[in-house]
Amino acid sequence: QAMAPLHPVAVQCQEAQLVVTVHRDLFGTGRLVRAADLSLGSASCLPLSQHPAESTVTFVTGLHECGSTLQMTPDSLIYKTNLSYKPAPSGNLVIVRTNPVVVPIECHYPRKSNVSSNAVQPTWAPFRSTLSAEERLMFSLRLMDDDWSTERLSNGFQLGESLHLQADVASEGHVPLRLFVDNCVATLSPDRNSSPRYAFIDLSGCLVDGRADDATSAFISPRPRQETLQFVVDAFKFAGDDRNLIYITCHLKVSPADEAPNPWNKACSFNKASSLWAPVEGTGDICSCCETGNCPMHG
């Protein structure tokens, strides 16, 4: 786009970098701003070059550089940064004659095809494998205090107490996600397949321990946020075994937050008052398989 006072900032979104050209007549008043007062991104990167004859300043930076952020939508990768103009006092140290400016800049790229002006070489990593690396999720499972405010400092319990467990996923830069606990198993060794073993969440999200006559285990509803799921399990130990240490291993998974819960993505607790299974969200029928035991494992 031709530089003109009406368009003082021009952006080129290239294959791996963005080029920002700034006309020093930033306000269209004929008064040129100083190049030293211009910077790009939260890292305050400086211009790559100046063109005095054209009164322009050029920034060239990689898409991931200068403190840019990445947002993912179902169809696009969006790289965001800002052009900043922060006038420093000159001459008279008491006053300035221009306002600071922050210009938001975005570059949008489609997620479903390669973005390249060149032929893809066989040795290059394909776009989709690069994308999958961007989409790694960070899951966590923590023991919490009884009021859920902080992580519990001790992992010791007396029988009769309750374990407050919180599962989370870090979904920053992602399309909104909803977390589910697919299953949880307790064992006497770190091997989740060892014996004896007790699955207290099973069947793709049924808190089956709450079905026992002497248990009040349940998911907490409503959730504090879509990417968090909290549940309470009554403390237990393995019958006939004197060891006081048990291991808990849970399989966590996510689905898009705008996708309705279903029989394979659910969080269901047994309500003893009504003798019915109830979901944290969604319709009650998604929990019916918790009673029959034939829930679908994949969807």
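Let's call a residue buried when its relative accessible area is under 20%, exposed when that value is over 50%, and partly exposed in between (1.4 Å probe, protein chains only). Keep in mind that this is a predicted model, where local features need pLDDT of at least 70, side-chain atom pairs count only at pLDDT 80 or more, and totals for chains, interfaces and linings use all residues. Residues are numbered from 1 along each chain as its sequence is written, and side-chain values use heavy atoms, with hydrogens and water left out.

Start with Lys253, which counts as buried at 16% relative accessibility. The side chain of Lys253 meets that of Asp182 in a salt bridge, 2.7 Å from N to O; the term stands for a side-chain nitrogen of Lys or Arg within 4 Å of a carboxyl oxygen of Asp or Glu. This pair ties distant parts of the chain together, with Lys253 in strand β15 (residues 247–256) and Asp182 in strand β11 (residues 177–187), 71 residues apart. Helices (H or I, at least four residues) and strands (E, at least two) are DSSP runs, numbered from the N terminus. Asp182 is buried too, at a relative accessible area of 6%.

Now compare that with Arg211 and Glu291, whose salt bridge brings the closest N and O atoms to 2.8 Å apart. Here again distant parts of the chain are linked: Arg211 sits in the loop between β12 (197–201) and β13 (218–219), Glu291 is in helix α2 (residues 288–292), and the two are 80 residues apart. Arg211 is partly exposed, with a relative accessible area of 36%, and Glu291 is partly exposed as well, at 45%.

Asp37 is buried at a relative accessible area of 9%, while Arg34 is partly exposed at 36%. Elsewhere, salt bridges link Arg142, Asp168 and Arg225 in a network. The total count is eight salt bridges.

On to the strands. Four of them make an open sheet in the order β1-β2-β5-β4, with antiparallel pairing; two strands pair if DSSP finds at least two bridges between them. The edges belong to β1 (9–13) and β4 (49–51), each with a single partner strand, so one side of each has no neighbour in the sheet. From one strand to the next the twist averages 15°, with axes fitted as lines to C-alpha atoms (for helices over the stretch in contact) and angles running from 0 to 180 degrees between N-to-C directions. Strand β1 runs antiparallel to β2 (residues 17–23) and is joined to it by five bridges; look for Val9 opposite Val22 in β2.

Another antiparallel pair is β6 (residues 69–72) with β7 (residues 76–85), held by four bridges. The two form a hairpin with three residues between them, and Leu70 stands opposite Tyr79 in β7.

Finally, what lines the largest pocket? There are 22 lining residues, and Asn155, Phe157, Leu163, Ile246 and Ile248 lie nearest the centre. On a 1 Å grid over the protein atoms alone, a pocket is an open set of points where a 1.4 Å probe fits, with protein on both sides within 12 Å along at least five of seven lines, and lining residues have an atom within 4 Å of a point. β9 (138–143), β10 (162–170) and β15 each supply at least two lining residues, with β9 giving the most, three.
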